[in-house]
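Open the model in your viewer and keep the selection tool at hand.

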Amino acid sequence: PYMLAVKTLKDFRKAIDMLILEEDAQAFRVLCVAAASLNRSIGYALQNSDDPDISQMSNELYYEWKKDENCIFNTFIHRYRNHVFHDVELDVEFDIPFFVIDRDDDIVEFFDNELLYVPFSGFGFGDLDIRDLFEESYSWWLEQFSLLGINVE
C-alpha cells in the first residue's frame, strides 16, 4: 500500500545518482527538475497511501514538519519544488571556474568545472551544491520512513 512512496523515494535516489555523474548542463537541468518533483512527491505518496495507518501517521508527521520552520521540508523540499515549477527557475550556477593557488611558487592554475560544483544560490543556503541539498533531503526522508516503520530496502 505504501509501495508508491518507496518507489518514489528510490526514483529520487536514482535522480540524485544521475545528477552526480552528469556532465551535460542541459541534462543536469532536466534531472534537477525531476529530482525536485520526486523529492516533494514522496510526501504526497505517503499522505495518500492506501494503508490508512500510514496515511494517518504521514498526515501527523506533515503537521509536525509544517510547524517547524527550520525543517528541510519547509526550507527546501516543498519550497524548491514550487519555485522550480511555478517560477521555472533552478537557481543553480554552471561554469564556476576552479582555481588552485600555490602561494609558495606564486602560481594560480584555473580548471574547468565540468559540473563538479553546481551551487544553489536560493533560499539562503550559502551556495551549497544543489546535489548536497538533495542528499540532505534524501537522508531526511529515510528518517521519516523509519518513523513510519517503513523498510525501504
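Select Asp106. Its relative accessible area is 72%, so Asp106 is exposed. Asp106 sits in the loop between β1 (98-102) and β2 (107-111). Strands (E, at least two residues) and helices (H or I, at least four) are DSSP runs, numbered from the N terminus.

A word on the source: this is a predicted model, where local features need pLDDT of at least 70, side-chain atom pairs count only at pLDDT 80 or more, and totals for chains, interfaces and linings use all residues. Residues are numbered from 1 along each chain as its sequence is written, and side-chain values use heavy atoms, with hydrogens and water left out.

Together they form a patch of negative charge on the surface. Patch members have over 30% relative accessible area and no salt bridge, and like charges are joined within 9 Å. Asp and Glu count as negative. Each charge is placed at CG of Asp or CD of Glu.

Next, the pairs. Side chains of opposite charge can pair when their charged atoms come close. A salt bridge here is a side-chain nitrogen of Lys or Arg within 4 Å of a carboxyl oxygen of Asp or Glu. How many salt bridges does this rule give? The count is three.

Select Arg13 and Asp17. Their side chains meet in a salt bridge, 2.8 Å from N to O. Both residues lie in helix α1 (residues 3-21), four residues apart, about one turn of the helix. Is Arg13 buried or exposed? Arg13 is buried, at 18% relative accessible area. Asp17 is partly exposed, at 33%.

Glu135 is partly exposed, at 26%. Show Arg13, Asp17 and Glu135 together: they are linked in a network of salt bridges.

Last stop: Arg131 and Asp129. Their side chains form a salt bridge at 2.7 Å, N to O. Arg131 is buried, at 7% relative accessibility. Asp129 is buried, with a relative accessible area of 7%.

Note on methods: Buried means under 20% relative accessible area, exposed over 50%, partly exposed in between (1.4 Å probe, protein chains only). Patches are made of residues with over 30% relative accessible area and no salt bridge: like charges are joined within 9 Å, nonpolar side chains (Val, Leu, Ile, Met, Phe, Trp, Tyr) within 5 Å. Accessible areas come from the Shrake-Rupley method with a 1.4 Å probe; for residues, only the protein chains shown count as cover.
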